[in-house]
Amino acid sequence: MAHGPRVIVAGAGALGLNVALALADAGCAVTVCDPAKAPQASSVAAGMLAPVFETVLDGGDDADLDLLLSARNLWPALAARAGVEVDRSGTAAVGSAAWLAPVRAGLTRLGFRGADLPSSLLMGLAPGVSADVEALFLREDWRLDPRQALKVLRQAAEAVGVAFKAQAVRERGDADWLVIATGAAQGLADVAPELHKLTPIKGQILRYADRRGGRVSLRGEGAYAVPGADGLAIGATMEPGRDDAEPDAASLAPLVAAAARLFPELAGATFGVSAGVRAASPDGRPLVGASVTPGVILAVGARRNGWLLSPLVARIVTAQVTGADPGPYATRFDPARFAA
Ligand SMILES: Cc1cc2nc3c(=O)[nH]c(=O)nc-3n(C[C@H](O)[C@H](O)[C@H](O)COP(=O)(O)OP(=O)(O)OC[C@H]3O[C@@H](n4cnc5c(N)ncnc54)[C@H](O)[C@@H]3O)c2cc1C
């Protein structure tokens with residue numbers, strides 16, 4: 001039985017589970033509460049751990065590359081600790097020479113050099129990919145299977161005494177700390193007003209159950225492709241301001257077209273759709289650290305990189321609870337940066 005601080009973690013997604021496991025490993029008595037059967041954004045995600053291509057292709061701030069790489073570098077130890085399967089085969093950017101030129105320039109600006117893949121090699125790594133594309137391969141971006149990761153993180157947490165309750169949290173109660181890891185939900189905004197800073201961004205992702213897609217993830221024009229045990233995932237829409245997780249065929253046409261450009265055999269193929277809601281702060285970085293409300297810590301707002309960032313978020317939250325050094329990135333995540 002743990003004798004450290006009593007902590008309630010609201011939310012059992014990527015952030016909540018990682019926080020709970022790290023806190024329990026540090027000796028805290030942790031209870032995770034979540035009323036949902038499956039955490040919405042974390043379970044539909046593609047699972048890319050992609051510090052480099054997210055920076056180059058998603059307009060990320062180059063100055064944050066160091067923290068994204070640091071977060072990624074925490075994954076091998078976490079994989080060993082909890083049994084998360086991390087695939088480090090790498091990622092190829094694929095497209096026309098004109099589309100790849102700024103990607104190549106972006107990599108160079110960040111200090112990376114992608115390897116040009118001859119088409120025979122690309123076909124071996126990603127069978128069925130369009131014969132019209134060129135490819136730039138990078139080992140730095142990895143991936144995991146979100147559903148496998150959620151399962152084993154929960155098992156690892158339970159094995160070190162974390163209790164799970166299928167209920168919503170409304171207040172800290174008599175716990176020493178409440179960690180809010182509720183994704184895009186606003187239900188606890190009266191407890192932590194910082195949650196009002198979050199904007200929802202709906203994301204829809206296609207899954208072609210009978211296609212595997214090969215061994216590496218692909219980043220293409222208007223879509224990425226991630227192979228997985230339950231099929232080839234093609235993602236994802238970015239729909240700011242929408243907080244519903246309902247699949248919506250009307251907004252999928254550009255993604256379906258991009259999928260067929262990447263893999264011509266996908267034209268007309270049957271796919272499933274899942275949707276989740278990402279939470280984004282005004283500067284795109286998460287809100288991690290003390291709320292203005294005493295005893296409350298935020299772990300929200302990880303936007304497109306929640307899986308990637310979750311071990312780093314867990315480390316910062318654990319330091320806050322135990323009084324340890326939160327490391328060099330805590331100030332960039334501090335919720336107080338938006339205080340008027
Ligand atoms: C289509 C799509 C693709 C993505 N691809 C990637 C990717 O490739 N790589 C990557 O790193 N990230 C990706 N992301 C982003 C990533 O999924 C999110 O950043 C991450 O999952 C957020 O995790 P979370 O734990 O903060 O939130 P969630 O997974 O949303 O979990 C929050 C949980 O809190 C619970 N909750 C809400 N209110 C309460 C309450 N009052 N009490 C208790 N529980 C509550 C909810 O039920 C929910 O289960 C993707 C997202 C989407 C939508």
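Predicted model: local features only at pLDDT ≥ 70, side-chain atom pairs only at ≥ 80, totals over all residues.
Local features are reported where pLDDT is at least 70 and side-chain atom pairs count only at pLDDT 80 or more, while totals for chains, interfaces and linings use all residues. Residues are numbered from 1 along each chain as its sequence is written.

The protein is divided into domain 1 (6–45 + 146–197 + 283–338) and domain 2 (91–138 + 199–280), with bounds that come from an automatic or database domain assignment. Taken over C-alpha atoms, the centres of domain 1 and domain 2 are separated by 29 Å. Eleven residues of domain 1 are in contact with twelve residues of domain 2, where contact denotes C-beta atoms, placed from the backbone, that lie within 7 Å of each other. On the side of domain 1 that touches domain 2, helix H2 provides the largest share, three residues. Helices (H or I, at least four residues) and strands (E, at least two) are DSSP runs, numbered from the N terminus. The residues on this side of domain 1 comprise five nonpolar, four polar and two charged. In this classification Ala, Val, Leu, Ile, Met, Phe, Trp, Tyr, Cys and Pro count as nonpolar, Asp, Glu, Lys and Arg as charged, and the others, Gly among them, as polar.

The ligand is surrounded by 42 residues, each with its C-beta atom, placed from the backbone, within 6 Å of the molecule. The closest are Gly-11, Gly-13, Gly-183, Gly-203 and Gly-306. Two or more residues of the shell come from each of helix H1 (14–25), helix H2 (40–44), strand E11 (199–208), strand E16 (272–280) and H10. Among the elements, H2 gives the most, with four residues. The shell consists of 24 nonpolar, 14 polar and four charged residues. Because domain 1 and domain 2 both give residues to the shell, the ligand lies between them.

Gly-306, one of the closest residues to the ligand, lies in helix H10. With 26 other C-beta atoms within 10 Å, Gly-306 is buried. By the criterion applied here, a residue is buried if 20 or more other C-beta atoms lie within 10 Å of its own, exposed if 12 or fewer, and partly exposed in between, with C-beta atoms placed from the backbone. Leaving aside neighbours within four places in sequence, Gly-306 is in contact with Ala-14, Leu-15, Ala-41, Ser-42 and Ala-45. Gly-306 and Arg-278 are 28 residues apart in sequence, and their C-alpha atoms are 8.5 Å apart in space.

Helix H10 (residues 306–322) also packs with helix H4 (residues 65–73), at an angle of about 80° and with the axes 8 Å apart. Axes are lines fitted to C-alpha atoms, for helices over the stretch in contact, and angles run from 0 to 180 degrees between N-to-C directions. H4 is therefore roughly perpendicular to H10, a term that applies to angles of 65 to 115 degrees, whereas angles under 35 degrees count as roughly parallel, over 145 as roughly antiparallel and the rest as oblique. H4 contributes Leu-67, Leu-68, Ser-70, Ala-71 and Arg-72 to the contact, and H10 contributes Leu-308, Leu-309, Pro-311 and Leu-312. By class, this contact has seven nonpolar, one polar and one charged residues.

Loops on either side of H10 were also examined. Arg-303 is placed in the loop between strand E18 (296–300) and H10. Although not a glycine, Arg-303 has a positive phi of about 50°. Arg-303 counts as buried, with 24 C-beta neighbours inside 10 Å. Pro-326 lies in the loop between H10 and helix H11 (330–333). Pro-326 is partly exposed, with 19 other C-beta atoms within 10 Å. Not counting residues up to four places away in sequence, Pro-326 touches Ile-316, Ala-319 and Gln-320.

Gly-228 counts as buried, with 20 C-beta neighbours inside 10 Å, whereas Ala-229 is exposed, with 9 other C-beta atoms within 10 Å. Apart from residues up to four places away in sequence, Gly-228 touches Asp-145 and Ala-233. Ala-236 lies in the loop between strand E14 (232–235) and strand E15 (239–240). A cis peptide bond, with omega of about -20°, joins Gly-235 and Ala-236.

Terms used:
Contact = placed C-beta atoms within 7 Å.
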